[in-house]
Amino acid sequence: MLESRGEKIFVTSITVLLVLFSVAAIIPLLSVIATSFSSKSAVDMNLVTLWPKQFTLDSWKYIIDRPDLWKSFLLTLGTTLIGTALALLMTALFAYPLSKPEFRWGSVIMVAVVIAMIFKAPIVPYFLTVRGVGLYDNPLVLVIPHILNPFNLIIMRTFFKQFSKELEEAAFLEGCGYFRMLFHFVLPLSKAVLATLALFYGVVLWNQFQHPLFFLQNTDWFPLQIKIRQFITDGNVIMAGAPTTADLNYNERTLRAATVIFAIIPIILVYPFLQKYFVKGAMIGSVKG
């Protein structure tokens, strides 16, 4: 099918804009990467732009040898994996009955879900509620408040509505119950939406900052993002344990840059494996009624 002149102009304009936005987004990242691999003197003299100057791995060696950073990393990794698995399970258990027109209270519950999505809970009542259920200064606060998101619930519910009723009726005639239907038939055919929502939940859990800042006092439970904040705002923390000799080939700026890149590497590594499901799952979940 031939494109008209107007369509070609539109596609070209969108492509140019996306390229410009991509360049604007990647330049700061390249600058941080270059700083993390540059020497102390090059950074002090502001010689680093988008490419490392006087390439060195000293900043990375120092960061990788920090046990407190690895502790926060493993805590964040564990909460992300466990929280994402629980969130997908809870979302599926809620979304499947809500996708059935015969579910009597489905429309009422969906109104409540939409209200919860639009109107966020005020901070003070939310804080008092979380503290009241025993999650204050409790590492479970990194997982439990995130295991059900109204927007993700709507996406999965809409995705489930596409499944053939004839297939489900045939399974029910063979003695298949709702739980078996969900776990043996529906979820195995829902890889696209599961991968999409896993990415949504995973990014939120990996990058969470407000919850641990509000609810955690014990520094042993600080996740990676709080630890990075300490490194960025407090030079004494990031340089703690560093040798006092003058021939160090790193400084606070190179160490901060290395720490930031260290924190985003896992998400960058996971995203390519989920990308093929991402667009399909998001489009089906948001367009089909």
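Predicted model: local features only at pLDDT ≥ 70, side-chain atom pairs only at ≥ 80, totals over all residues.
The protein chain contains 14 helices and 0 strands. Read from the N terminus, the order of elements is therefore α-α-α-α-α-α-α-α-α-α-α-α-α-α. Of the 289 residues in the protein chain, 37% are buried.

The largest pocket holds about 910 Å³ of space. Its lining is made up of 28 residues, and those nearest the centre of the pocket are Lys 120, Tyr 126, Pro 145, Leu 148 and Pro 150. Two or more lining residues come from each of helix H5 (106-118), helix H6 (123-132), helix H7 (150-160), helix H10 (191-207) and helix H11 (210-215). By residue type, the lining of the largest pocket consists of 21 nonpolar, 6 polar and 1 charged.

Helix H7, one of the elements that line the largest pocket, is mostly covered, with 10 of its 11 residues buried. The buried residues of H7 are Pro 150, Asn 152, Leu 153, Ile 154, Ile 155, Met 156, Arg 157, Thr 158, Phe 159 and Phe 160. Where H7 starts, the backbone nitrogen of Phe 151 has a side-chain oxygen of Asn 149 within 3.0 Å.

The next features concern aromatic rings. A pair of aromatic rings is described by two values, the distance of the centres and the angle of the planes. The whole structure has 12 aromatic pairs. In one of these, the ring centres of Phe 37 and Trp 60 are 5.6 Å apart and the planes are at 25 degrees, so the pair is stacked. Phe 37 is in the loop between helix H1 (5-36) and helix H2 (40-44), whereas Trp 60 is in helix H3 (residues 58-64). The pair links distant parts of the chain, as the two residues are 23 residues apart. Trp 60 has a relative accessible area of 10% and is therefore buried.

Phe 73 and Trp 206 form an edge-to-face aromatic pair, with 5.7 Å from centre to centre and 85 degrees between the planes. This pair also links distant parts of the chain: Phe 73 belongs to helix H4 (residues 67-98) and Trp 206 to helix H10, 133 residues apart. Elsewhere, a cluster joined by ring pairs contains Tyr 126, Phe 127, Tyr 136, Phe 214 and Phe 215. Of these residues, Tyr 126 is also among those nearest the centre of the largest pocket.

Two further residues were examined. Thr 84 lies in helix H4 and is buried, because its relative accessible area of 11% is under 20%. When neighbours within four places in sequence are left aside, Thr 84 is in contact with Thr 79, Ala 198, Tyr 201, Gly 202 and Leu 205. Ile 264 lies in helix H14 (residues 252-287). With 28% relative accessibility, Ile 264 counts as partly exposed, because this value falls between the limits of 20% and 50%. Ile 264 and Trp 206 are 58 residues apart in sequence, and their C-alpha atoms are 9.2 Å apart in space.

Definitions and conventions
Residues numbered from 1 in each chain as written. Heavy atoms only, no water. 1 Å grid on protein atoms, 1.4 Å probe; cavity = no way out; pocket = protein on both sides within 12 Å on 5 of 7 lines; lining within 4 Å. Points joined across faces, edges and corners; volume = space filled by probe spheres on them. Helix = DSSP H or I, 4+ residues; strand = E, 2+ residues; numbered from the N terminus. Nonpolar A, V, L, I, M, F, W, Y, C, P; charged D, E, K, R; others polar. Phe/Tyr/Trp six-rings, centres within 6.5 Å; stacked < 30°, edge-to-face > 60°. Buried < 20%, exposed > 50% of the residue type's maximum accessible area, 1.4 Å probe, protein only. Polar contact = N/O pair within 3.5 Å; in protein donor to acceptor, adjacent residues only side chain to side chain. Contact = heavy atoms within 4.5 Å.
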